[in-house]
Amino acid sequence: MTAPLIEAQSLRMEYRVGRGQVLRALDGVSLAVRPGEVLGLVGESGCGKSTLGRCLLRLARPTAGRVIFDGTDITALPERTLRPLRQGMQMVFQDSYASLNPRRRIGELIAEPLRVHRDGQGRRRTAGDIAARLAELLDLVGLPQAALARYPHEFSGGQRQRINIARALALSPRLVVADEPVSALDVSIQAQIVNLFMDLRDRLGLTYVFVAHDLAVVRQISTRVAVMYLGAIVELGDADTVLHSPAHPYTAALIAAVPEPVVSPDGDRAPPLRGDVPSPIAPPPGCRFHTRCPIAQDRCRTDPPVLRDPGDGRQVACHFPLESSA
Amino acid sequence: MDADAPPLLAVRDLTIALPVGGRMVTIVDSVSFTLGAREILGIVGESGSGKSMTALALMGLIDAPGARITGSARFKGRELVGLPQRAFRTLRGREIAMIFQDPMTAFTPVYTVGWQIDEQIRAHGRVTRKDARVRTIRLLGDMGVPDPARVADRYPHQLSGGLRQRAMIAMALSCNPSLLIADEPTTALDVTVQAQILDLLRRLRREYGSSVLLITHDMGVVAETCDRTMVLYSGTIAERGPTGAVFARPGHPYTAALLDSIPPLHGARPARLPSIPGSPPAPADRPAGCPFAPRCGYAHDACAVRPPLLPRGVQDIACVLPAEGRDLPARCVSA
Ligand SMILES: Nc1ncnc2c1ncn2[C@@H]1O[C@H](COP(=O)(O)OP(=O)(O)OP(=O)(O)O)[C@@H](O)[C@H]1O
Ligand code: SF4
Ligand code: SF4
Ligand SMILES: [Mg+2]
């Protein structure tokens, strides 16, 4: 098996949130993503998806644990040493507009990383190098060359996301962490961008960590899926296995809650879960999901389950994992 | 629905134009629909399709200077188009209530949620503060708020998103409105909480006898909640009809393409998602003929003239294909 491109080991991320309180946004997260894989990160708002994404790229420094990129421990590297490595890992965000300076032309915006970073031989790129690369990047993301001279506001949300992707790809990264990159787009446009991510992965051999709250989008693009709840991974495995026959009751509830564009002849479906996600400042003891779990037992209230393999290669943090329905 | 009774709401040729860069631009163009008692009608469309504008016009909430609203919207026989603001104010809250994507816009941060619902109840009837509170607590309980008496004493920011949304719905229902307009009421919520709120909306008509106009961009939400569906594209109706029919056999290429572009949650994963090329036109750049023509895989000469909304079976479709005897194929879906 190939070595992981990016690996998280027991990551913890704590924020002080006033009155001496500590919010544990990540509580011991471990995972490994191999070259060419697409790891989908799903879970409800505040479960720590973005925090994890930022820690993986060292845009945030975790409170504890290790991040290893391509064999190098980058957890505590100073910015100067980190910089050359940064070219290999890039991020794409949800808000396509906020990440683009409205007063700069698209050409300047995409060229910026090319100007800041030196090329593979440690040389500054010439104007000719940059122009050639810009032309290549626009082709790659399906934008006309004329886009270079225009400003961000002249583009639709979907096209702006293409611009962001071109910029993220400028330095030929190997890893792209995309945080809800299609969540703000209309479905018809969302499909274009999901397809683009899939094409780029095939053409460039990219590895993705793809954060999204939309399970159907995640299923479409991911080879593996990690389901998070209150700062921890509760289920991790092959995308088809996890989404077709979930073993964790939370995964099952997430799938059941998705409103599907099909009118069911069986009439209305009952909501799969009651209540909201508890506050991450005071997560429930025992299994963190026990306050909402439809099959919780006494043991779940005191004894926190750890991730383990129920026998089919995935990992599940539950004392009573669901039987495979497949 | 009683076929002879007049509908609760009858909208005809509702047209909304706004001044943009020195000329009037039609944002919503000749939209017509009816809403019966205890019915849930979904208005679905992508951003900029005119969904929210339609709702705001019905509530008398379009305050853009120079806006021109024409056509007719009769609510319980009363004309809403041209109604003076004072009359709208008495209608809103009492007869027509609205809930939004962001419940923080419905509440002021400085008072408790219970106090604000009490006030809403007292503003529309002679009720003592004590009786109002009893009713507030009952409403919150009905909306699935656990421990409603305690939640009533909380400030809006102290509540989770799901609880705030329930509190807003409780406030909207406090005066038993016959029409509830819900504009993207679950868009900001997590799926598991969204499922709870949709369940609540479906119960409203049974338990409160309300009709609901549900505005959303999410085809899944419509499928699970609405009796009838109206699909808007670029300010015009593309298609409308009973939800089951629209989803099983979409008659308009836009509806069909929109449904196809949603990645499936079950069954085989397509290698590529069918997508619609391009993006919707800005209202000022809407083409003269069928507004969907620049993106439509079926576009041909006949589409250069704007197709009227014509009945086809139980649906109404604004496309030339049905009249040409070229109906779209039924969808094959595995649920
Ligand atoms: N800088 C910060 N200071 C304090 N708390 C923070 C900070 N950043 C994140 N948090 C908290 O950490 C938790 C995890 O946040 P995160 O943004 O990672 O969640 P998420 O899964 O990405 O959620 P969403 O789906 O809403 O984007 C949340 O409770 C959040 O409020
Ligand atoms: S450990 Fe118990 S509470 Fe937690 S998910 Fe499993 S069954 Fe539910
Ligand atoms: S009228 Fe023509 S362009 Fe418009 S939806 Fe029908 S086939 Fe397509
Ligand atoms: Mg996030």
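Helices α3(B) and α4(B) are roughly perpendicular to each other, because their axes cross at roughly 115° and angles of 65 to 115 degrees count as roughly perpendicular. The model is predicted.

**Helices α3 and α4 of chain B**

- Helix α3 of chain B spans residues 113-123. Helix α4 of chain B spans residues 129-142.
- The two axes come within 9 Å.
- The crossing of α3(B) and α4(B) is right-handed.
- From α3(B), the contact draws on Gly114(B), Trp115(B), Ile117(B), Asp118(B), Glu119(B), Ile121(B) and Arg122(B). From α4(B), it draws on Arg129(B), Ala132(B), Arg133(B), Arg135(B), Thr136(B), Leu139(B) and Leu140(B).
- Sorted by class, the residues of this contact are 6 nonpolar, 2 polar and 6 charged.

**Helices α3 and α5 of chain A**

- Helix α3 of chain A covers residues 106-116, and helix α5 of chain A covers residues 157-169.
- Their axes come within 7 Å and cross at roughly 30°. Angles under 35 degrees count as roughly parallel, so α3(A) and α5(A) are roughly parallel to each other.
- The crossing of α3(A) and α5(A) is right-handed.
- On the α3(A) side, the contact residues are Ile106(A), Leu109(A), Ile110(A), Glu112(A) and Pro113(A). They meet Ile163(A), Ala166(A) and Arg167(A) of α5(A).
- The contact of α3(A) with α5(A) holds 6 nonpolar and 2 charged residues, with no polar ones.

- Helix α9 of chain A (residues 249-257) crosses helix α7 of chain B (residues 191-208) at roughly 50°. The axes come within 8 Å.
- At that angle, α9(A) and α7(B) are therefore oblique to each other.
- The crossing of α9(A) and α7(B) is left-handed.
- Chain A supplies Ala253(A), Leu254(A) and Ala257(A) to this contact. Chain B supplies Val191(B), Thr192(B) and Ala195(B).
- The contact of α9(A) with α7(B) has 5 nonpolar residues, 1 polar residue and no charged ones.

**Annotated domains**

- In an unreviewed entry, UniProt lists residues 11-255 of chain A as "domain: ABC transporter".
- That span of chain A is 38% helix and 24% strand. Its end C-alpha atoms lie 27 Å apart.
- For chain B, UniProt gives "domain: ABC transporter" to residues 9-259, again in an unreviewed entry.
- Residues 9-259 of chain B are 38% helix and 27% strand. The end C-alpha atoms of this span are 28 Å apart.

**Ligand shells**

- Ligand 2 is surrounded by 13 residues. The closest are Cys287(A), Cys293(A), Cys300(A), Cys318(A) and His319(A).
- The shell around ligand 2 has 10 nonpolar, 3 polar and no charged residues.
- Ligand 3 is surrounded by residues of chain B, including Cys290(B), Cys296(B), Cys303(B) and Cys319(B). His252(B), Pro253(B), Ala293(B) and Tyr298(B) are also among them. The shell also includes Ala299(B), Pro307(B), Val320(B) and Leu321(B).
- The shell around ligand 3 has 11 nonpolar residues, 1 polar residue and no charged ones.

Methods: Residues are numbered from 1 along each chain as its sequence is written. Chains are lettered from A and ligands numbered from 1 in the order in which they are written. This is a predicted model: local features need pLDDT of at least 70, side-chain atom pairs count only at pLDDT 80 or more; totals for chains, interfaces and linings use all residues. Side-chain values use heavy atoms; hydrogens and water are left out. Axes are lines fitted to C-alpha atoms, for helices over the stretch in contact, and angles run from 0 to 180 degrees between N-to-C directions. Helices (H or I, at least four residues) and strands (E, at least two) are DSSP runs, numbered from the N terminus. Angles under 35 degrees count as roughly parallel, over 145 as roughly antiparallel, 65 to 115 as roughly perpendicular and the rest as oblique. A crossing is left-handed if the near helix is turned anticlockwise from the far one by less than a right angle, and right-handed if clockwise. Contact means heavy atoms within 4.5 Å. Ala, Val, Leu, Ile, Met, Phe, Trp, Tyr, Cys and Pro count as nonpolar, Asp, Glu, Lys and Arg as charged, and the others, Gly among them, as polar. A residue is near a molecule or strand if one of its heavy atoms lies within 4 Å of it. UniProt positions are given in the numbering used here, feature names are shortened, and annotations may be inferred rather than shown by experiment.
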